[in-house]
Amino acid sequence: MKFSQPAYPTVYFSENIWVKCPKCSEPALVHSEPRKYSIPFPSNHQSKCTCSSCGFHQSGNDQWAGYLQGFVNQSCGHCGTKVCHSTEPTKKPYQNAKVTCETCQQTREYEIAWYRYRSDKPTDPYFGFDLWLQVDIKENVLWLYNLEHLHYLRDYVSAKLREDNGRHKYSMITNLPQWVKSSKNRDLIVKKLNKLEEEFRKKTA
(Lines give C-alpha, C1' and ligand atoms only; values in the text may rest on other atoms or scores of the structure.)
Protein backbone atom coordinates (compact mmCIF):
# COMPACT_ATOMS: atom_id res chain seq x y z
CA MET A 1 0.00 0.00 0.00
CA LYS A 2 1.29 3.47 -0.93
CA PHE A 3 0.58 6.76 0.84
CA SER A 4 0.66 9.71 -1.55
CA GLN A 5 -1.98 12.09 -0.19
CA PRO A 6 -1.41 15.88 -0.01
CA ALA A 7 0.70 17.29 2.81
CA TYR A 8 -2.14 18.57 4.96
CA PRO A 9 -1.38 20.57 8.10
CA THR A 10 -3.26 19.52 11.23
CA VAL A 11 -5.38 22.68 11.00
CA TYR A 12 -6.86 21.28 7.78
CA PHE A 13 -8.91 18.89 9.93
CA SER A 14 -9.98 21.49 12.52
CA GLU A 15 -13.32 22.68 11.12
CA ASN A 16 -15.23 19.97 13.02
CA ILE A 17 -13.68 18.51 16.17
CA TRP A 18 -15.14 15.91 18.51
CA VAL A 19 -14.51 16.62 22.19
CA LYS A 20 -15.65 15.27 25.54
CA CYS A 21 -18.50 17.47 26.67
CA PRO A 22 -17.27 19.38 29.76
CA LYS A 23 -20.72 18.88 31.31
CA CYS A 24 -21.57 15.20 30.64
CA SER A 25 -18.40 13.70 29.01
CA GLU A 26 -20.37 12.48 25.98
CA PRO A 27 -19.16 13.35 22.45
CA ALA A 28 -19.75 17.03 21.68
CA LEU A 29 -18.97 18.79 18.41
CA VAL A 30 -16.82 21.89 18.13
CA HIS A 31 -17.52 23.60 14.83
CA SER A 32 -15.41 26.48 13.61
CA GLU A 33 -14.79 28.43 10.45
CA PRO A 34 -11.05 29.14 10.64
CA ARG A 35 -9.38 31.53 8.24
CA LYS A 36 -8.06 29.76 5.17
CA TYR A 37 -4.39 30.29 5.98
CA SER A 38 -4.44 29.93 9.76
CA ILE A 39 -1.16 28.05 10.23
CA PRO A 40 0.19 26.78 12.57
CA PHE A 41 -3.02 27.06 14.63
CA PRO A 42 -6.44 28.66 14.09
CA SER A 43 -6.92 32.35 14.86
CA ASN A 44 -9.67 34.93 14.28
CA HIS A 45 -12.25 32.17 14.19
CA GLN A 46 -15.95 31.87 14.97
CA SER A 47 -16.45 28.71 17.01
CA LYS A 48 -19.19 26.93 18.89
CA CYS A 49 -19.42 23.72 20.90
CA THR A 50 -22.69 21.81 21.14
CA CYS A 51 -23.59 18.56 22.89
CA SER A 52 -26.65 16.69 21.68
CA SER A 53 -26.72 14.56 24.84
CA CYS A 54 -27.09 17.24 27.53
CA GLY A 55 -27.66 20.44 25.53
CA PHE A 56 -24.37 22.08 26.51
CA HIS A 57 -23.52 25.04 24.29
CA GLN A 58 -20.61 27.46 24.24
CA SER A 59 -19.54 29.96 21.61
CA GLY A 60 -17.05 32.75 21.13
CA ASN A 61 -13.30 32.99 21.59
CA ASP A 62 -12.93 34.33 25.13
CA GLN A 63 -13.29 31.21 27.28
CA TRP A 64 -10.42 28.71 27.48
CA ALA A 65 -10.48 25.43 29.41
CA GLY A 66 -7.23 23.98 28.12
CA TYR A 67 -3.56 24.11 29.00
CA LEU A 68 -1.67 27.32 29.71
CA GLN A 69 2.04 28.04 29.53
CA GLY A 70 3.62 30.74 31.63
CA PHE A 71 6.54 33.03 30.81
CA VAL A 72 8.84 35.32 32.74
CA ASN A 73 10.58 37.96 30.64
CA GLN A 74 11.84 40.65 33.00
CA SER A 75 15.00 42.32 34.21
CA CYS A 76 16.76 40.69 37.14
CA GLY A 77 15.87 42.52 40.34
CA HIS A 78 19.50 42.31 41.47
CA CYS A 79 21.79 42.95 38.47
CA GLY A 80 19.39 44.09 35.73
CA THR A 81 20.15 41.23 33.29
CA LYS A 82 17.20 39.96 31.28
CA VAL A 83 15.62 36.94 32.98
CA CYS A 84 13.73 34.51 30.72
CA HIS A 85 11.80 31.49 31.97
CA SER A 86 8.97 29.30 30.68
CA THR A 87 6.83 26.87 32.66
CA GLU A 88 5.55 23.44 31.77
CA PRO A 89 2.02 23.50 30.32
CA THR A 90 -0.62 23.27 33.05
CA LYS A 91 -4.33 23.71 33.62
CA LYS A 92 -3.66 25.23 37.06
CA PRO A 93 -1.82 28.56 36.65
CA TYR A 94 -0.07 30.20 39.59
CA GLN A 95 0.99 33.79 40.12
CA ASN A 96 4.75 33.69 40.72
CA ALA A 97 7.79 31.51 40.04
CA LYS A 98 11.25 31.43 41.59
CA VAL A 99 13.84 31.98 38.88
CA THR A 100 17.63 32.09 39.21
CA CYS A 101 19.46 34.72 37.17
CA GLU A 102 22.11 33.10 34.97
CA THR A 103 24.40 36.12 35.40
CA CYS A 104 24.41 36.85 39.13
CA GLN A 105 22.91 33.54 40.35
CA GLN A 106 20.41 35.38 42.54
CA THR A 107 17.05 33.62 42.93
CA ARG A 108 13.96 35.81 43.16
CA GLU A 109 10.23 35.50 42.61
CA TYR A 110 8.81 36.92 39.39
CA GLU A 111 5.23 37.32 38.22
CA ILE A 112 4.23 34.95 35.42
CA ALA A 113 2.34 35.93 32.26
CA TRP A 114 0.10 33.07 31.06
CA TYR A 115 -0.86 32.23 27.47
CA ARG A 116 -2.97 29.54 25.83
CA TYR A 117 -0.99 26.41 24.98
CA ARG A 118 -2.22 24.56 21.89
CA SER A 119 0.63 22.21 20.99
CA ASP A 120 1.12 18.52 21.75
CA LYS A 121 -1.91 18.12 23.99
CA PRO A 122 -5.12 16.16 23.27
CA THR A 123 -7.35 19.24 23.39
CA ASP A 124 -9.15 21.26 20.75
CA PRO A 125 -7.46 24.53 19.72
CA TYR A 126 -10.57 26.71 20.14
CA PHE A 127 -11.86 26.06 23.69
CA GLY A 128 -9.25 23.68 25.09
CA PHE A 129 -11.73 20.86 25.72
CA ASP A 130 -10.39 17.30 25.90
CA LEU A 131 -10.58 15.48 22.58
CA TRP A 132 -12.89 12.48 22.39
CA LEU A 133 -10.76 10.67 19.80
CA GLN A 134 -7.64 9.82 21.77
CA VAL A 135 -5.99 6.54 22.69
CA ASP A 136 -3.01 5.43 24.80
CA ILE A 137 -0.30 3.58 22.88
CA LYS A 138 2.87 2.47 24.67
CA GLU A 139 2.73 5.26 27.27
CA ASN A 140 2.00 7.83 24.55
CA VAL A 141 -1.27 9.51 23.62
CA LEU A 142 -2.40 9.52 20.00
CA TRP A 143 -5.18 12.03 19.32
CA LEU A 144 -7.38 12.97 16.37
CA TYR A 145 -9.88 15.75 15.67
CA ASN A 146 -12.42 13.71 13.70
CA LEU A 147 -12.81 10.58 11.57
CA GLU A 148 -11.36 12.24 8.47
CA HIS A 149 -8.26 13.01 10.53
CA LEU A 150 -8.21 9.42 11.82
CA HIS A 151 -8.51 7.93 8.33
CA TYR A 152 -5.72 10.15 7.00
CA LEU A 153 -3.36 9.09 9.79
CA ARG A 154 -4.35 5.43 9.53
CA ASP A 155 -3.67 5.46 5.78
CA TYR A 156 -0.22 6.89 6.46
CA VAL A 157 0.65 4.43 9.22
CA SER A 158 -0.65 1.47 7.18
CA ALA A 159 1.40 2.35 4.11
CA LYS A 160 4.67 0.54 3.52
CA LEU A 161 5.61 3.06 0.83
CA ARG A 162 5.37 6.72 1.85
CA GLU A 163 6.03 9.40 -0.76
CA ASP A 164 7.28 12.81 0.34
CA ASN A 165 4.75 14.62 -1.86
CA GLY A 166 5.85 18.18 -1.10
CA ARG A 167 5.70 18.07 2.69
CA HIS A 168 6.50 21.29 4.54
CA LYS A 169 7.35 22.21 8.13
CA TYR A 170 3.69 22.59 9.09
CA SER A 171 2.46 19.35 7.53
CA MET A 172 0.97 16.86 9.96
CA ILE A 173 3.17 14.02 8.71
CA THR A 174 6.36 16.04 9.14
CA ASN A 175 5.53 16.73 12.78
CA LEU A 176 4.49 13.22 13.80
CA PRO A 177 6.64 11.73 16.58
CA GLN A 178 9.03 9.00 15.53
CA TRP A 179 7.13 6.28 17.41
CA VAL A 180 4.14 6.88 15.12
CA LYS A 181 6.29 6.70 11.99
CA SER A 182 8.15 3.57 13.07
CA SER A 183 7.19 0.48 11.09
CA LYS A 184 7.51 -1.71 14.20
CA ASN A 185 4.46 0.04 15.69
CA ARG A 186 2.38 -0.11 12.50
CA ASP A 187 0.12 -3.03 13.37
CA LEU A 188 -0.53 -1.88 16.94
CA ILE A 189 -1.40 1.68 15.93
CA VAL A 190 -3.74 0.54 13.15
CA LYS A 191 -5.44 -1.88 15.54
CA LYS A 192 -5.90 0.86 18.14
CA LEU A 193 -7.26 3.31 15.57
CA ASN A 194 -9.73 0.76 14.24
CA LYS A 195 -11.00 0.10 17.77
CA LEU A 196 -11.22 3.83 18.50
CA GLU A 197 -13.30 4.41 15.38
CA GLU A 198 -15.59 1.53 16.27
CA GLU A 199 -16.17 2.91 19.78
CA PHE A 200 -16.81 6.40 18.42
CA ARG A 201 -19.35 5.20 15.86
CA LYS A 202 -21.24 3.32 18.59
CA LYS A 203 -21.29 6.45 20.73
CA THR A 204 -22.60 8.67 17.95
CA ALA A 205 -24.97 6.21 16.26
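His 149 lies in helix α1 (residues 147-158), where helices are DSSP runs of H or I of at least four residues, strands are runs of E of at least two, and numbering starts from the N terminus. The model is predicted, so that local features need pLDDT of at least 70 and side-chain atom pairs count only at pLDDT 80 or more, whereas totals for chains, interfaces and linings use all residues. Residues are numbered from 1 along each chain as its sequence is written, and side-chain values use heavy atoms, with hydrogens and water left out.

With a relative accessible area of 2%, His 149 is buried; buried denotes under 20% relative accessible area, exposed over 50%, and partly exposed the range in between (1.4 Å probe, protein chains only). When neighbours within four places in sequence are set aside, the contacts of His 149 (heavy atoms within 4.5 Å) are with Thr 10, Phe 13, Trp 143, Leu 144 and Met 172.

Aromatic rings were also examined. Rings of Phe, Tyr and Trp (its six-membered ring) pair if their centres lie within 6.5 Å, planes under 30 degrees apart being stacked, over 60 edge-to-face and the rest tilted. By this rule, 14 aromatic pairs are counted. Phe 3 and Tyr 152 form an edge-to-face pair, at 5.4 Å centre to centre and with 75° between the planes. This pair links distant parts of the chain, since Phe 3 belongs to strand β1 (residues 2-3) and Tyr 152 to helix α1, 149 residues apart. Both Phe 3 and Tyr 152 are buried. The ring centres of Trp 143 and Tyr 145 are 5.5 Å apart and their planes stand at 40°, so this pair is tilted; Tyr 145 is buried, with a relative accessible area of 6%. One aromatic cluster is formed by Phe 3, Tyr 8, Tyr 12, Phe 13, Tyr 152 and Tyr 156.

Strand β11 (residues 134-137) pairs with strand β12 (residues 140-143) in the antiparallel sense over four bridges, pairing being assigned if DSSP finds at least two bridges between two strands. The two strands form a hairpin with two residues between them, and Lys 138 in the turn has a positive phi of about 50°. Asp 136 stands opposite Val 141 in β12.

Overall, the protein chain contains three helices and 13 strands, and buried residues make up 39% of its 205 residues.
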